[in-house]
Number of protein chains: 2
Amino acid sequence: MLMSKLIGKTSKRVEEEFNIDSQRLLLRSGMFRSISPGLYAVLPQGKRVIDKLLNLLSKELEIKDFQNIIIPSNIEFERAVCLTLRNDLKSYKDLPKSIYNVSSIERKKIKVKDGILKSKSFMALRSFGFYENQQNMLDGFEQIKEIYRIIFEKIGIDVIEVKSYNDKTPIENCEEFIVTCEGGDREIFNCKGCEYRVLEEVADFHIREEDIEDMEIEPVHTPGIKTIKELEEYMNIEAEELAKTLLLKAGNETIAVVIRGNRELNLYKLSTLLNVPIEDIEMADYEDIDGKIETVPGFVGPVELEGVRIIVDREITKTGHLVTGANKRDYHLKNVRYDRDFVGDLVADVSYVRENDKCPLCGEDMTKKYGVDIGKILNIGKITDIKSMEYKNKEGKPNSIYGVSSYIDIYRLLSMIVEKQHDDDGIVWPVETAPYQVIISILNVKKEDQVDLGRRLYNELKANSIEVILDDRNERAGAKFNDADILGIPIRIVVARGASENKVEFKLRWENEKEELGVNEALERVVQLLK
Amino acid sequence: MLMSKLIGKTSKRVEEEFNIDSQRLLLRSGMFRSISPGLYAVLPQGKRVIDKLLNLLSKELEIKDFQNIIIPSNIEFERAVCLTLRNDLKSYKDLPKSIYNVSSIERKKIKVKDGILKSKSFMALRSFGFYENQQNMLDGFEQIKEIYRIIFEKIGIDVIEVKSYNDKTPIENCEEFIVTCEGGDREIFNCKGCEYRVLEEVADFHIREEDIEDMEIEPVHTPGIKTIKELEEYMNIEAEELAKTLLLKAGNETIAVVIRGNRELNLYKLSTLLNVPIEDIEMADYEDIDGKIETVPGFVGPVELEGVRIIVDREITKTGHLVTGANKRDYHLKNVRYDRDFVGDLVADVSYVRENDKCPLCGEDMTKKYGVDIGKILNIGKITDIKSMEYKNKEGKPNSIYGVSSYIDIYRLLSMIVEKQHDDDGIVWPVETAPYQVIISILNVKKEDQVDLGRRLYNELKANSIEVILDDRNERAGAKFNDADILGIPIRIVVARGASENKVEFKLRWENEKEELGVNEALERVVQLLK
């Protein structure tokens, strides 16, 4: 490609401010262009990088028999894939089968300061695997994870896998791929001692067993005291000595959730536990309670609470002498203890992790990091919501099919490569994903010998199937060097005065030193480096 | 690819009925699958054909310096491209520049009986060129046309270029690529004598000069006669002896259009003439007329009609003694003649072609054919509706940029290849666009020698970069032959009893004869054929 013809000029600055460095560079280098707030076009260089990423992914996927199909984007992906293939998966002989698909996706919630990471429209590679049973599905989950791991290693970015959740229908097993970086909007808890890595929303934590003195339950008169803050002051206690009881409506059911006063209720965990979508869980209102549950708002407590299912956060069961509401106006109870004074219908982890919590696996300290999620894998489990989606097993009996769904956000993957590999002057592309591998700059396009040598080199590299860009523009040397730096092409060859002696200047983007080489030597060096 | 693993089974029949043969074959061969009425997924074989078409197109486009970019689909294409590139096109040195883009597009109006041709979601390759002036734009129009012509020739379909129109903003110069076929919904007029080819909507036609006797204009009492039909009977005349005068609202203006009684008003032509979008033209209503135009609904005529711009179809000016409304209740005029009795503010072609009209260029008969439009090119003209879309010319003066936009509907292109190249047994792929070039059928997978030979051939062909599919399924011979036929793979090699003597059966999809060949001979034949 001739730089004089290339679409996508570089720029010294961009007007927009971003949370994350790479976003500025993607615009400055002319790889992306902003159309309107949150909406981006990909220019030719960006397109080349995307094609390389998709090629790497496709190759690895096809080795494992994933087949490329096109799914229209005006219907939910998982549903579309199942409807498309249900008649092709009628026998155990037809399983397993796996597909992948590359398409543009619209994002509803955008954040302008996150640039391309949260653009209105982005590109994703999605996969779906169909399996005979639970075990095969679990193997499928590991298989696609392994494929992505190979890719991440090839393109040289560190990616951590963390336990995650599904926004829509609750799913038991789901992981996200995270690249840690400042300004990222995913919060991850990492154990310092072991391999435990998890998204804040679903983070588990270690629970201390407390020594519990045997003290009698007793009512306390707390006139007009309704909030935890007021109660802390009135009774001179800490929030952790309280148990708050929340009345919620989850789907069609009213429930009470008992958690420690210093914890936040975790809706993600509760949603999975109850198998009710997050959006269907809300605070109960007067009509849900009145006449059905004998209690008084502000004084709700688990002791002798009738008419609702009681869900008890497991931390409550390890804690003694709690203060709770007494289900009676202006009264609380103290020294309440689980098992002795009340029991829950369900005991589970439904609270949020806090900064100083310890690892649930090894008890070590955990650190909190920020990152960007670039992909996700979900174990769908049995596919039950698609009509006639069934296969016959060896005995001829109909059976449900199991599914594993995944996606990689290609714009984010590209962004994270740039995020991890740039310096003050611009992008530093690794060879595998660089839009071009070599840039040749003709320093003075008015000198015939420089132009001739530059073009000769350009044609020879092209003849060797090396992707090369020739800076043939009539620009100052400084502008050419700056552009080469910001574009981040791995190998730079400058054709300058030495041209008359067939000499060129050779430099790698990630090194400071440049070398003067004979033109043939330079050619050999390029071929060797790119092998 | 092993056929046992390939996603997309063939089927003997499909439930849907289609207007066009190819649509059935695309589903039967497992290249496409129906998700819901009008919505289709593309299975792996279809995806391979699409990739080939896109490759052919990209290659040809890139030779001419068209560069591949990604444009989000939630914004109008032309607008998005201009907004994306306006800051890269600031000087005459930056022009011309051309881009192309491949993306999924949603179709609003679908027709279930047209299958993939009118699916809710389809894939298009679109291009846009930016030019300094009108002449460069016209050259750009020819350039992209020539690129598409090369592709159509390469993939072996006859495509005709016809004059067309733009649905939205009227555009002067616009052509469509049509593949003629029964059941297609585009109507084209073709001259038998010359090269004139045009869409019905914008078809011009030859106008007879009539000998006009000099007869006095005179009023006729026509009590209660309002329709053309009634008038024909009452006055015992033909519709072509009448001039009907239609009062219309075009944008904000009320106009009168005078056309011959036997012609239909052509809104496409009128829209271009007035530069008003079709959707903004409608019949005038009472409020537009009352108090502003002195006439009587049902008796409107052009003579002494005041208060509106009068647009006269050019045929009217060549015709004598017409009957028109008299702008007076229960009266018409006869022997009305253009120029003597009234004049128009504009004389133009605003009427529809009719079956027996002659060619406007050579006067020969025209025939009407049906076809499918697979693409379109539009001369946008000066781009004036995008802020700061301007370049500086050599003198440093700001100038408008000219644009040419085009698209190819990839699903339709693929469909038309199948439409033109199939027989009763299935698709007959040309080598250039076949999903695989060779199919090897192992006739009896329980015979070790057949399996061994089949696999050996398969591996050797793959090693020669030949795209090959191996039918390794445990199926009856008949089923395998049928599938090979319906898939339409150009070269079929059957490994059967001859395997013990290293012999195979060799057949081309478009020939009836099969040959027994030694395995090496067969290999050579394949390599030779695909060169």
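Trainee: In which order do the five strands of the open sheet in chain B lie?
Mentor: This is a predicted model, in which local features need pLDDT of at least 70, side-chain atom pairs count only at pLDDT 80 or more, and totals for chains, interfaces and linings use all residues. Residues are numbered from 1 along each chain as its sequence is written, with chains lettered from A and ligands numbered from 1 in the order in which they are written. Strands (E, at least two residues) and helices (H or I, at least four) are DSSP runs numbered from the N terminus, and two strands pair if DSSP finds at least two bridges between them. The pairing in this sheet of chain B is mixed, and the order is β25-β24-β26-β27-β28.

Trainee: Which are the edge strands of this sheet in chain B?
Mentor: An edge strand here pairs on one side only. In chain B that applies to β25 (468-471) and β28 (514-518).

Trainee: In the pairing of β24 and β26 of chain B, what is the bridge partner of B:I442?
Mentor: Strand β24 (residues 438-442) and strand β26 (residues 491-495) of chain B pair in the parallel sense over five bridges. In β26(B), the partner of B:I442 is B:V495.

Trainee: What angle does the direction of helix α9 of chain B make with that of β24(B)?
Mentor: Axes are lines fitted to C-alpha atoms, for helices over the stretch in contact, and angles run from 0 to 180 degrees between N-to-C directions. Contact means that the C-beta atoms of two residues, placed from the backbone, lie within 7 Å. Helix α9 (residues 448-463) packs on the sheet and touches β24, β25 and β26 of chain B. Its direction and that of β24(B) make an angle of about 165°.

Trainee: Which element gives the largest share of the side of chain A that touches chain B?
Mentor: In the interface, 34 residues of chain A are in contact with 34 residues of chain B. The elements giving two or more residues to this side of chain A include β1 (32-36), α2 (44-63) and β4 (97-106). The largest share, five residues, comes from β4(A).
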